[in-house]
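Dear colleague,

Please find the structure below, together with its sequence.

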Amino acid sequence: MTATLCATLLRNQGWLPLIQSVRHGSKAVTRHKRPLHILKQKLLAVTQYIPPVRPVPPGAYPSKNKHVQEDNGFTLLLKKDLKKVFEECKMIAVVQKNGSSAEEMLVLKHRLFKHGIIVKSFPNQVTRSFLSDSVYCNMAPLFIGPTVLFVSKEPKVKEMLSALKASPQMTLLGGCIDNTLLSAQGIVGYSKLPSVTVIQGELVSGLTMLTSRTASMLQRHPAHLSALLQQYIKQQSLGDGVEAAPKAEEAT
Amino acid sequence: MISLVKAAVGGMTGICRAHSHQLAPLQSCLKVCAAGLKTYQITPDYSNVVLPEKPKLKFLNKVPNLKKAKKESKKLRDIQGPARAANSFTSGQYAIVALGGGYLHWGHLEMMRLTINRKMDARTTFARWRINAPYKPITRKGLGQRMGGGKGAIDHYVTPVRYGRLIVELGGKVELGEVEHILIEVAKKLPFPAKVMSREGLEEMQRKQKEMEESNQNPWTFKRIVEGNMLGIRKVLSPFDLRNHGRFTGKFHFPERV
């Protein structure tokens, strides 16, 4: 009550303080935000947080040091498999399969397996990350979309192309045959090349053509040879040897 | 298994039967050739999580068990400033963190207890209180009373909460996404702003505050000016401002202040 209040205020009997403040503000902790003294407002305005100056907004450019995601166990397994494939197989063709059903894939795989070509599929992300580390980095642009790999130890390109012709949805993108990157046209051209033995035979015959011809001429009757040589001298003296010599060759 | 495969395949085409010795490519043929292989996220390992016997929130009393209840002064400073106690995780993974000061009374606690107990799965989650039952008496005078006549009688009890205090902790064999919706529902009904955080979330918040302090380009900081009493500014500030460097005012916290 007022009596108790007065008792605390009156230190001596009959003493009242000179100034009694009637107005009082709110307490320190209020439900509303208390109005701040002007000096405190100024202090808060001066001491505001100023962020560090960034030359470029944070999301504008891709970060220089790209955060390389750690490969999980499955990815490592797939990469090992890929490495083995690239080491063992001479022919690796990248084919896009668009809208082929499981039956068609089954038939195609069977046809290819007869010639020793295996069809493998890996996730594009895994292949791209594997290729970026290996020598075959230029193959990376081939792996876009639903791709499959046709791998074989021996480069059986003709059979592969014939099998692909049968299934129209499979598009050949390119490949790596005998450590050479080839485009689709390159692979077609490669298929048209004759086999190694044929070329070797042609090369050998071309080199030994002169000697074999002389040997065949010497094996004939010596009168024949002497007649040929006389005609040759005549041509030399006449001066139109180019036309007569092949004619003489044809005659023999 | 192989016989089953043979039977299934034999039904489809006659080609397969002819090449019985080449079973390997056929078994792989039966695989569906998907456009890409999905890489799965490894599920978190909950083997070291121990679920306690009583997973649900226990009942908290409305009134503390005192022989003689004493009236207490208002002491609003128990709302002011940052929390020094119960501001870090103990047993749980996810918690409601108070972002301001306030009083929680029995109604709030009952709401929290009932909502969480109803919505959480007792087999996989457990919940723990991080606040005490109400212990601070709040007095009220009767309706229509004039000023004076002594302090009012004790009306009810409350628990004071400061900024940064954990209210309820949840843990168990769950991820944040499974538990978030329950805790957000509760956090919205509290009398102070509150946020649902995991352990990493709380660390992230503290880290960001430190980063702000370090990367501040302003050479003039509140702390520097007030500690040096520059321009006699302590005339208009309280010792509370000196301690809290202008980040708190009453029960409010300013996240953008450094």
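**Aromatic residues in chain A**

Tyr136(A) is buried, at a relative accessible area of 18% (buried means under 20% relative accessible area, exposed over 50% and partly exposed in between, with a 1.4 Å probe and protein chains only). Please note that this is a predicted model, in which local features need pLDDT of at least 70 and side-chain atom pairs count only at pLDDT 80 or more, while totals for chains, interfaces and linings use all residues. Residues are numbered from 1 along each chain as its sequence is written, chains are lettered from A and ligands numbered from 1 in the order in which they are written, and side-chain values use heavy atoms, with hydrogens and water left out.

Over all chains, the count is four aromatic pairs (rings of Phe, Tyr and Trp, the last by its six-membered ring, with centres within 6.5 Å; planes under 30 degrees apart are stacked, over 60 edge-to-face and the rest tilted). One of them joins Phe86(A) and Phe130(A) in a tilted arrangement, with 5.7 Å centre to centre and 45° between the planes. Phe86(A) belongs to helix α3 (residues 73-88) of chain A and Phe130(A) to helix α5 (residues 124-133) of chain A, so that distant parts of the chain, 44 residues apart, are linked (helices, H or I, of at least four residues and strands, E, of at least two are DSSP runs, numbered from the N terminus). Phe86(A) counts as buried at 5% relative accessibility, and Phe130(A) counts as buried at 9%.

Phe86(A) also forms a tilted pair with Tyr136(A), at 4.7 Å centre to centre and 40° between the planes. Tyr136(A) lies in the loop between α5 and β3 (147-152) of chain A, and Phe86(A) in helix α3, so this pair ties together parts 50 residues apart in sequence.

**The interface of chain B and chain A**

Chain B gives 42 residues to the contact and chain A gives 30 (contact means heavy atoms within 4.5 Å). About 3400 Å² is buried between the two chains, and carbon and sulfur atoms give 72% of this area (the accessible area, with a 1.4 Å probe, that two parts lose on being put together, summed over both).

The rule finds one salt bridge across this interface (a side-chain nitrogen of Lys or Arg within 4 Å of a carboxyl oxygen of Asp or Glu). Lys40(A) forms a salt bridge with Asp241(B), with 3.2 Å between the closest N and O atoms.
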